[in-house]
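Please work through the exercises below with the sequence and the structure at hand, trying each task before you read its solution.

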2 protein chains.
Amino acid sequence: MIRFDFSGVTKELINERGISKEDINALSPIIKEAHDILSSRRERGEILFYDLPYAKDTINQVKDLAGDLSGKFKNIVHLGIGGSSLGPKAIFSALKDPFHNYVSSPRMFFLENIDPEYIASLLDNISAEETLFNVVSKSGATPETASQFMVVFDLLKTRLGKNYKDHLVFITDPKDGVLRRLASAHGIRSLPIPKEVGGRFSVLTPVGLLPAAMCSIDIDKLLDGAAKMADIVTSPDVFKNPAYMYACIHFIAFVKGINISVIMPYSNALYDLADWYRQLWAESLGKKTSLDNKDVFTGQTPVKALGATDQHSQIQLYMEGPFDKIINIITVKHYRKDIKIPAIFNDINELAYLGSKDMSELINAEASSIRAALIKNERPTTQIEIDTINGETIGALFMFFEVSTAFMGYLLKIDPFNQPGVELGKQLTFSLMGRPGFEDKVKMLKDSLKTVEYMHIEI
Amino acid sequence: MIRFDFSGVTKELINERGISKEDINALSPIIKEAHDILSSRRERGEILFYDLPYAKDTINQVKDLAGDLSGKFKNIVHLGIGGSSLGPKAIFSALKDPFHNYVSSPRMFFLENIDPEYIASLLDNISAEETLFNVVSKSGATPETASQFMVVFDLLKTRLGKNYKDHLVFITDPKDGVLRRLASAHGIRSLPIPKEVGGRFSVLTPVGLLPAAMCSIDIDKLLDGAAKMADIVTSPDVFKNPAYMYACIHFIAFVKGINISVIMPYSNALYDLADWYRQLWAESLGKKTSLDNKDVFTGQTPVKALGATDQHSQIQLYMEGPFDKIINIITVKHYRKDIKIPAIFNDINELAYLGSKDMSELINAEASSIRAALIKNERPTTQIEIDTINGETIGALFMFFEVSTAFMGYLLKIDPFNQPGVELGKQLTFSLMGRPGFEDKVKMLKDSLKTVEYMHIEI
């Protein structure tokens, strides 16, 4: 179903820049330590994402609600940002046809940003009568989602009167927060995000499952794939645990100065999964402070690239630039659709060799060639080959990357589950927007934004 | 109407991690050298991109052809990859409504990848009778575009008989290459890409201009903006030339170990422009060999991020991670549409402060807050503020980034206009696809892709 080939990071293939079996064995003590922390936190119920495939009650709630809503709406607009959006978007892109929104319903729109141009256009082009708004925020206070929700709430009340609440669903904290209180006060349908699951690990909670189910995606398959992967990636033996191995390789590379991790699927359908990974890796691992409270300023920068497209954009740099990257290529053995290149232009050298080949053969040849060329240039390269894109493999990949990331966090001796660095930006925003209690931040903001040097360009 | 504020990289704001005026003055000799190379190569006609706004003949050809094609097609499918696609896509996203394809025509599809699933779905969902295929490749031999073209050519001949050629346009080399020969042989309409303009600098040739004109974008405005910027960014004085300053700041940062350059527009419409920049910066600067033929393995990795969305994905890392990034924030003073957040929920603390504000105020407050917080955390940060997104500002940004990149190349003492590192991957692909003359590469490919047993996990 999924094959991990880490050969392209070994000394056997990339020489002195590579990793040896001894390098990995030498990590045994910290591997054991990281495994023990993860296992014991899981046992204590502090880390729940491993066990989401078994949350039967919640899964049934999702199915029931999706069933109730089925067939009633032409559009679903998803209000959420970061971990409240990247997971469901990754599922939608991976498992629905790329032209779904042009020809089928419910059409799915992920709002995410507070770009006024985009939001205004969306609202100009859909009718409230035909639309369900799914509001996803654990606290309900995230300013982006909150402001979108206020716009939508007002619009629905104006257009639909007392029927407004039939066009709203909340996915939020089971007990606390603004959305939970509003759900109770207004009788708005809602589903829970468990307290013990952080935003970026929440794809297999209702956050990812409800939108999937509403688009007729079989969520049992997603959960099955995740459960099967969870069984494998809990092994303490790094040579049998691909998630631990992925983390160890990245850890060794990072310690050697490789501060960039590229994820490069050869599939349009997986590009949003790469974006989901980008949050997971960046927000979990980018930390100032270690578990024992030292300043470490650690974290590897994830970069998403799309094969084969970015061969014509990024590969020059990956082949010849600094030795600062590890490149993780995701390939697909069997694409769900294929195209035969016709046997025409037989007398034209530059084209004839393509004739009679399948497009899938070409894209896979390119992926192999880029892997080989990167390895030849001594660039550490891994391959994750999935048999085909379906619910099971996507579910398995979610679990794989989640465990890899959590494990990498403990190898780095930081907390992969917090995000203290986003606080200051939020507080400054509150101060600028005049939220009571944040007045004292205005001065700090002004000091930081002093103009020292600028160029005004009149054109 | 662009303001470039680089206060956030100065020692005055980010202390010892910052850049001083002396640091920039110390670069005088290499600034002069880089300026002289650029100017003299431009005078000799070797670098043409500066002068594209004045190519009246070609511009008129573009307008004539766009006029001929106007109103005839429901869909335009753009076949091209890398520099043949990123520019036109950036223009389309910046200047057309985000819902254009849902409600207007011609609908615009950028094929780019050879993903068989995506191409098959596209062809299932458009009719050849209503579609123009715009094939963009300088040589015509790019395997991705060539294979797509073969599929489309065969499809058009089968469906439309002798009318097939009315549904094709080629943008290619003025004299040489497969597409040029086919254009002559079949009488297919075509436009030239000048020899002296490389793919990633070609957005203001017919590559970018024809798709724009076909979508009723005023290309004179794009060219005007670019011309006005070109006048400014040819000054030899770095303190009067924002493109040179952008390059110098990045050069000083890179020499100090900052190997990542983030570009982060606070606008959905500019995200594809960030992707265009990503190719420009990566492929121009990622080089193994210096101008005097030494191994340098240089190049800064560009990363695209979207404000405010990626505040909930990447900002934790940017704030607290290693000091390995310079962050370039693009802000928009006046959005083309706006949304008022209604004054509701006045009794709820977490929401009330948002009431009666414009969405544009919120997104701009977030951009300011993130800038301030990054600066507070001593992360080098620049701001490019544009008055509004329109043809002139987009044209100006293209020229700004092109000159910045070319200049940065000469500061690094590499050739920003070649891309030797992509050759090996291409040759290996040819060998795998059985193209005559490339048989000898197969062994190299097999050697590079050896599976090292202890790093191989099947599940």
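Before starting, note that two residues are in contact if their C-beta atoms, placed from the backbone, lie within 7 Å. Keep in mind as well that this is a predicted model.

**Exercise 1.** Find the domains into which chain A is divided, and work out which elements give two or more residues to the side of domain 1 that touches domain 2.

*Solution.* Begin with the division itself: domain 1 of chain A takes in 2-41 + 237-411, while domain 2 covers 49-217. Next, take the centres of domain 1 and domain 2 of chain A over C-alpha atoms, and the separation comes out at 31 Å. Then turn to the contacts, where 17 residues of domain 1 of chain A meet 17 residues of domain 2 of chain A. On the side that belongs to domain 1 of chain A, the elements giving two or more residues are α13 (271-285) and α17 (391-411) of chain A. Of these, α13(A) supplies the largest share, with nine residues. Finally, sort that side of domain 1 of chain A by class, and you find nine nonpolar, four polar and four charged residues.

**Exercise 2.** Describe how helix α13 of chain B packs against helix α17 of chain B, and list the residues through which they meet.

*Solution.* Two packed helices are described by the angle between their axes and the distance between the axes. For α13 (residues 271-285) and α17 (residues 391-411) of chain B, the angle is about 20 degrees and the axes lie 9 Å apart. Because angles under 35 degrees count as roughly parallel, α13(B) is roughly parallel to α17(B). The crossing of α13(B) past α17(B) is right-handed.

**Exercise 3.** Give the strand order of the open sheet of five strands in chain B, and identify a helix that lies across β2, β4 and β5.

*Solution.* The order in chain B is β3-β2-β4-β5-β6, and the pairing is parallel. The edges are β3 (107-110) and β6 (189-192) of chain B, each with a single partner strand, so one side of each has no neighbour in the sheet. From one strand to the next, the twist averages 20 degrees. One of the pairs joins β2 (residues 75-79) and β4 (residues 131-136) of chain B over five bridges, with B:H78 opposite B:N134 in β4(B). Helix α8 (residues 143-160) of chain B lies across β2, β4 and β5 (168-172) of chain B, running at about 145 degrees to β2(B).

Conventions:
Residues are numbered from 1 along each chain as its sequence is written. Chains are lettered from A and ligands numbered from 1 in the order in which they are written. This is a predicted model: local features need pLDDT of at least 70, side-chain atom pairs count only at pLDDT 80 or more; totals for chains, interfaces and linings use all residues. Domain bounds come from an automatic or database domain assignment. Helices (H or I, at least four residues) and strands (E, at least two) are DSSP runs, numbered from the N terminus. Ala, Val, Leu, Ile, Met, Phe, Trp, Tyr, Cys and Pro count as nonpolar, Asp, Glu, Lys and Arg as charged, and the others, Gly among them, as polar. Axes are lines fitted to C-alpha atoms, for helices over the stretch in contact, and angles run from 0 to 180 degrees between N-to-C directions. Angles under 35 degrees count as roughly parallel, over 145 as roughly antiparallel, 65 to 115 as roughly perpendicular and the rest as oblique. A crossing is left-handed if the near helix is turned anticlockwise from the far one by less than a right angle, and right-handed if clockwise. Two strands pair if DSSP finds at least two bridges between them.
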